[in-house]
Amino acid sequence: MKQQNYSPGILQYIPFFYVIWSDDLLSASETAIVSKAINEDSSLSKTDQNTLKSWLHKNTPPEDSELKNWKYTISNSNVQLIESDTYPLSSFCQKLANYYTNKTAFNDCLKHIEINLGIQPNHYNHLFNVKISHEKTSNYYSANEIDILLKGENATPIDTFRELLSEPIFNWQIERNKDKFRSTVLKQVEFLAEKGYGAMAYPKVYGGIDSMPIYASIFENLMYVDGSLTVKFGVQFGLFGGSIQKLGTKKHHDKYLTDTGKAKLLGCFAMTETGHGSNVRGVKTTATYDQKTDRIIIHTPGENDNKEYIGNALHSTMASVFAQLIVNGKNEGVHAILVPVRDAHHNLLPGVTIVDNGYKLGLNGVDNGKIWFNQVSVPRENLLNKYGDIKDDGSYHSDIKSQSKRFFTMLGTLVGGRICVAKGALSGAKMSLAIAVKHALKRRQFNDSVKVQEDLIMDYPTHQMRLTPPIAKAYVYHITLDHMMKLYSDTSKPDKRKIETQVAALKAVITSFSNNTIQECREACGGKGYLMENRIADIKADVDIFTTFEGDNNVLLQLAAKGILSDFKAEFNGGTFSSVLKIISSQLSDALTTINPIYTNKVDRAHLYDAKFHKHAFNYRTKRLTYTLAMRIRNYIKKGIPAYQAFLKVQTHLITLGKAYSCELAYNTFCDFTATISDEKNKLLFEKLGTLYALHEIRQDASWFLEQGYIGGTKSKAIRQRTERLCTELRPHIEVLIDGFGIPKHTITAPIAK
């Protein structure tokens with residue numbers, strides 16, 4: 001077909017006319033709209049106007065040959081239709097005119113037609129034989145480069161493992177039968193063990209590579225596959241195997257670690273008790289040494305003293321049992337003992353009772369159960385004796401004389417599990433954010449006139465505000481947890497008390513953040529988010545429990561706050577306590593010197609985006625809360641109130657301090673990491689993410705900062721506005737940021753994310 005020559009004025013209207021006549025959209029009202037645009041278009045000659053109007057008569061439509069000419073003119077061009085343009089059809093028309101005539105000015109009359117006719121992409125995408133661009137995000141940043149920054153020095157093993165997750169055995173599916181589900185998860189764990197991933201944290205001689213950071217990366221990536229698999233993997237190799245590795249000695253390692261890493265020896269971690277919850281120090285299960293038989297007798301004294309919520313309870317053949325060790329009539333405190341629970345035929349051993357916990361809110365692929373012990377006898381060698389041992393003469397010995405210090409030293413070795421829990425919960429939030437954002441980048445709803453293409457929901461400021469700050473926080477928390485794992489794994493620093501305080505606070509804050517984020521993502525996807533096939537509902541059910549296992553979050557925040565006070569806690573009744581408070585008070589006074597009316601209402605962009613301001617705000621809050629908490633406790637003790645009762649009276653204060661401390665810790669850690677990024681472009685991106693994290697955190701606790709006079713109303717308003725602005729600035733890069741998490745594409749199976 002020979003192309004018909006059209007004037008520049010007519011060329012820019014051809015796509016509209018082709019859509020109008022092809023889809024039979026022309027009615028009296030539509031004719032009036034197009035006629036009005038033509039009459040007001042000063043770029044058209046009188047001849048062009050008459051020609052265009054001649055094509056607007058319903059009773060005398062253009063000839064078929066004319067329509068074919070229009071389509072040929074459109075299809076024969078090299079013009080791309082970009083759906084994400086604000087006015088996609090008007091932009092396309094302008095490009096078409098430019099292609100044939102180099103006409104450059106944008107014609108607002110075309111926009112008038114597009115808006116008022118309500119022509120949406122589905123009206124013309126199937127009509128034009130041209131390339132359609134459905135890109136909804138910028139490619140200015142590289143998701144791969146961001147992922148490499150997050151993986152750090154462990155990139156190669158992480159990439160290898162992610163590729164392994166494409167194996168069919170890891171295909172996610174909805175499974176309602178818990179027995180079948182558990183069987184599937186067990187096979188997956190055994191498959192991972194066969195590939196050597198179960199033993200990653202163990203020494204090389206036992207099949208591992210002695211790398212807790214890589215093990216933790218495996219754990220967090222497993223969460224993208226399934227929560228039940230992640231938890232069962234963690235129980236078998238991290239908790240059970242970890243207790244042998246961290247609390248046992250060479251004889252235990254030689255006998256059990258290799259088989260544990262290969263999943264030939266399946267075990268469970270029996271710490272928590274029904275009646276005692278997070279109070280590990282107060283467990284009632286006893287382990288009494290009988291010198292006559294040279295054996296330890298494990299016993300559950302009361303009905304509610306059983307071990308509760310024990311993962312791997314139905315599949316395991318051995319349990320790592322935490323009990324009060326009694327030697328020669330003296331209670332030496334909580335120790336761990338390896339107790340066989342089943343024989344070679346998987347029958348329960350005498351004195352052991354195990355009951356299935358049944359269906360739960362989530363994680364139904366994990367075989368949780370309750371365990372009772374009735375005078376179960378095990379060899380003395382089964383005591384995990386790194387921190388306390390029963391000697392050949394029947395006496396107890398420990399290099400750590402203080403029972404309290406011994407207990408906390410023992411628990412401190414298991415902090416790695418708490419970091420993994422936070423990492424797993426964070427992966428659940430990342431996956432939910434990925435699904436919600438990818439859905440928001442294709443889901444359209446509403447517009448200003450209901451007569452033009454509906455808007456992407458990701459373009460709404462409210463949607464950006466609900467999803468972008470959590471993305472920034474996910475980056476901050478990822479970097480922070482990696483740093484914590486690196487510190488925890490540093491064998492040159494055996495004292496883990498400070499890390500235990502830090503991880504307690506971070507685990508609490510991050511798992512709560514993850515649950516809140518997953519819920520927000522579920523709502524952001526509407527009814528689609530409620531469908532199990534789209535994964536968020538399943539992730540929500542699985543991650544919910546992360547707030548309470550490895551320590552209830554409220555308890556952990558109080559533990560963290562007490563750790564912050566530990567430098568002078570022992571001096572509450574001493575004469576030096578006042579001097580400690582005086583030092584803190586002096587530091588606060590120094591901080592307050594910068595807090596004047598000008599500072600409290602300073603609202604310029606440079607100041608609000610400055611990391612020095614964020615750090616100052618977070619540090620001031622932590623110190624202020626520490627000081628006022630110490631003052632309250634001191635005043636209660638001065639009145640004769642016992643220390644325990646004094647702490648009960650300040651529980652909410654303790655929790656507030658724990659949260660503030662974790663916020664400051666995370667932000668400072670992230671800033672330190674960002675400073676090491678060599679590529680300037682990526683460094684600026686991470687700085688922007690850190691700024692959004694900081695301003696959003698300050699905004700969320702604005703009432704406290706306002707009460708303290710740290711910020712004024714003007715500054716509070718400016719922080720809110722800047723938070724919204726940052727979300728808008730990050731909008732073009734939102735999908736790149738999501739992909740930067742490095743979630744294996746074969747695990748993003750949700751239909752709404754494809």
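This is a predicted model: local features need pLDDT of at least 70, side-chain atom pairs count only at pLDDT 80 or more; totals for chains, interfaces and linings use all residues.

Visitor: In what order do the three strands of the open sheet lie?

Guide: Helices (H or I, at least four residues) and strands (E, at least two) are DSSP runs, numbered from the N terminus. Two strands pair if DSSP finds at least two bridges between them. Here three strands form an open sheet in the order E6-E10-E9, with antiparallel pairing. Strand E6 (307-310) and strand E9 (352-356) stand at the edges with a single partner strand each, so one side of each is left without a neighbour in the sheet. From one strand to the next, the twist averages 20°; axes are lines fitted to C-alpha atoms, for helices over the stretch in contact, and angles run from 0 to 180 degrees between N-to-C directions.

Visitor: How many bridges join E9 to strand E10?

Guide: Five bridges join E9 to strand E10 (residues 369-373). Valine 355 stands opposite lysine 370 in E10, and the bridge partner of valine 352 is phenylalanine 373. E6 is joined to E10 by two bridges, and lysine 307 has isoleucine 371 in E10 as its bridge partner.

Visitor: Which residues form the covered face of E10, and which the uncovered one?

Guide: In a regular strand the side chains alternate between the two faces of the sheet. In E10, Gly369, Ile371 and Phe373 make up the covered face, while Lys370 and Trp372 make up the uncovered one.

Visitor: What is the phi of tyrosine 309, and what is that of histidine 346?

Guide: Most residues other than glycine have a negative phi. Tyrosine 309, which is not a glycine, has a positive phi of about 60°; this residue lies in strand E6. Histidine 346 has a positive phi near 65° and lies in the loop between E8 and E9. Buried means under 20% relative accessible area, exposed over 50%, and partly exposed in between (1.4 Å probe, protein chains only). Tyrosine 309 is partly exposed because its relative accessible area is 40%, and histidine 346 is partly exposed at 36%.

Visitor: Which residues line the largest cavity?

Guide: On a 1 Å grid over the protein atoms alone, a cavity is a set of points where a 1.4 Å probe fits but cannot get out, and lining residues have an atom within 4 Å of a point. Grid points are joined across faces, edges and corners, and a volume is the space filled by probe spheres set on the points. The structure holds one cavity of 30 Å³ or more, and the largest cavity has about 70 Å³ of space. Its lining consists of Leu247, Val334, His335, Ala336, Leu384, Tyr387, Gly388, Arg406, Phe407 and Met410. Strand E8 (330-340) and helix H15 (403-412) each supply at least two of the lining residues.

Visitor: Where does glutamine 708 lie, and with which residues is it in contact?

Guide: Glutamine 708 lies in the loop between helix H29 (702-707) and helix H30 (713-730). Contact means heavy atoms within 4.5 Å. Leaving aside neighbours within four places in sequence, glutamine 708 is in contact with Tyr620 and Arg624. Glutamine 708 is partly exposed, since its relative accessible area is 28%.

Technical notes:
Residues are numbered from 1 along each chain as its sequence is written. Side-chain values use heavy atoms; hydrogens and water are left out. On a 1 Å grid over the protein atoms alone, a cavity is a set of points where a 1.4 Å probe fits but cannot get out, and a pocket is an open set with protein on both sides within 12 Å along at least five of seven lines; lining residues have an atom within 4 Å of a point.
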